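Subject: Two-chain model for you to look at

Hi there,

Here is the structure I promised to pass on.

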Number of protein chains: 2
Amino acid sequence: MRWQDIDQQPCSLARTLAIIGDNWTLLVLRDCFLGVRRFDDFQQRLGVTRHVLSDRLRKLTEGGILAKVAYQERPTRHEYRLTEKGKDLYPVIVHLAQWGDKYLADEHGAPLHRIHTTCGHTLDAQLQCGHCGNTVNANEVQVKENPGFEGKLLVNSEQ
Amino acid sequence: MRWQDIDQQPCSLARTLAIIGDNWTLLVLRDCFLGVRRFDDFQQRLGVTRHVLSDRLRKLTEGGILAKVAYQERPTRHEYRLTEKGKDLYPVIVHLAQWGDKYLADEHGAPLHRIHTTCGHTLDAQLQCGHCGNTVNANEVQVKENPGFEGKLLVNSEQ
DNA sequence: CTTGACGGGTTCCAAAAAAGAACCCACTAT
DNA sequence: ATAGTGGGTTCTTTTTTGGAACCCGTCAAG
């Protein structure tokens, strides 16, 4: 199986990763959430080659995560903005960053702090169940197969 | 900048992605959370080449996300188990899968359902602030630079 | 005692992707 | 006439994948 064919797997996560799961793309999204919008700004901040950046921005745009909007005419200039669909990826970015803060910070501490403005404190991101409102642990979640997709589940060993 | 040098950036997210941010690694983690533990099981489910799988499992083990434990002697056989550090990545996996369910599902619907066993309903993953307990939106979070890391923040344009 | 199977890899080569640098184009400003 | 800006594309070299074969220790069967 080639990496570019994983979007054909019957798995939501695989199809998601087909758009955002390769090298650089999640870093591009990090910068999007920090307000970066222009090609050269991405390029300077990431240090990625222009060729790869061009490819990743195109994939994100085709995937509906970013929208290419003109902000001036003559000469036409455009910028990349997060769509609603793109903004829905925010929890992923926050949890990734928080995990890094917890486990990979060096002696200087985390380079960025996130403040939850509605309560005024440092954001302590948790996984919450929107139905009952409680915080969720990995071992409180049970996975069930959609009937019709048999044989894709676990190896029948206890976690 | 090469992809393998991004772990030297002063950004928690970049360092996190240096371990788990490349092609295939997040899919390996998906299977870990579904209970897969053995080399050949990963290989068959993912369809990735053994060479790449070997490399990804090694990186995850070196990063402390998986632990290689022997489950029998003569001949020695080992399996890969999530560590506590690895299990802390669960919110990332859940949000990625849920985003895919929402935006990329085909006519058959999501292939897997996640049930929050403590409330009995389908898990509706949300980003929660552990301090105030409320659900968090992207626009309620403000980012501040750690003094000592100047010049890494946004382009001073309003989101 | 030879053959085959199992789990868990490593080695080889060809093909694809990324790195790095140069170039391009439409327009504006000097 | 020249230089600069934003947003790329094209070129060549290096690195990473994909695909397949091979290896190793052990057990079990014929």
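Below is what came out of the analysis, starting with conventions and then going from the chain pair to single residues.

This is a predicted model, in which local features need pLDDT of at least 70 and side-chain atom pairs count only at pLDDT 80 or more, while totals for chains, interfaces and linings use all residues. Residues are numbered from 1 along each chain as its sequence is written, chains are lettered from A and ligands numbered from 1 in the order in which they are written, and side-chain values use heavy atoms, with hydrogens and water left out.

**The pair of chains**

Chain B brings 96 residues to the contact and chain A 96 residues. About 8,900 Å² is buried between them, 63% of it from carbon and sulfur atoms (buried area is the accessible area, with a 1.4 Å probe, that two parts lose on being put together, summed over both). B:Trp99, B:Pro111 and B:Gln128 supply 8% of the area that chain B buries against chain A, more than any other three residues.

**Charges across the interface**

Four salt bridges cross between chain B and chain A (a side-chain nitrogen of Lys or Arg within 4 Å of a carboxyl oxygen of Asp or Glu). One of them pairs A:Asp88 with B:Lys102, with closest N and O atoms 2.8 Å apart. Another salt bridge links B:Asp88 and A:Lys102 at 2.7 Å, N to O. B:Asp88 sits in the loop between H5 and H6 of chain B and A:Lys102 in helix H6 (residues 90-104) of chain A, so this pair joins two chains (helices are DSSP runs of H or I, at least four residues, and strands are runs of E, at least two, numbered from the N terminus). B:Asp88 is partly exposed at 31% relative accessibility, whereas A:Lys102 is exposed at 57% (buried is under 20% relative accessible area, exposed over 50%, partly exposed in between, with a 1.4 Å probe and protein chains only).

**Within the chains**

Over all chains, the salt bridges come to 32. B:Glu62 and B:Arg58 form one, with closest N and O atoms 3.2 Å apart. They are four residues apart in helix H4 (residues 50-62) of chain B, about one helical turn. B:Glu62 is exposed at 60% and B:Arg58 partly exposed at 41%.

Helix H2 (residues 25-33) of chain A is mostly covered, with nine of its nine residues buried; A:Arg30 and A:Asp31 are among them. Just after H2(A), A:Gly35 has a positive phi of about 100 degrees.

In chain B, B:Arg45 belongs to helix H3 (residues 39-46) and is partly exposed at 23%. Its side chain makes a polar contact of 3.0 Å with that of B:Asp31 (N or O atoms within 3.5 Å; within protein, one must be able to donate a hydrogen and the other to accept it, and residues adjacent in sequence count only if both atoms are side-chain atoms).

Happy to talk any of this over.

Best wishes

Terms used
Contact = heavy atoms within 4.5 Å.
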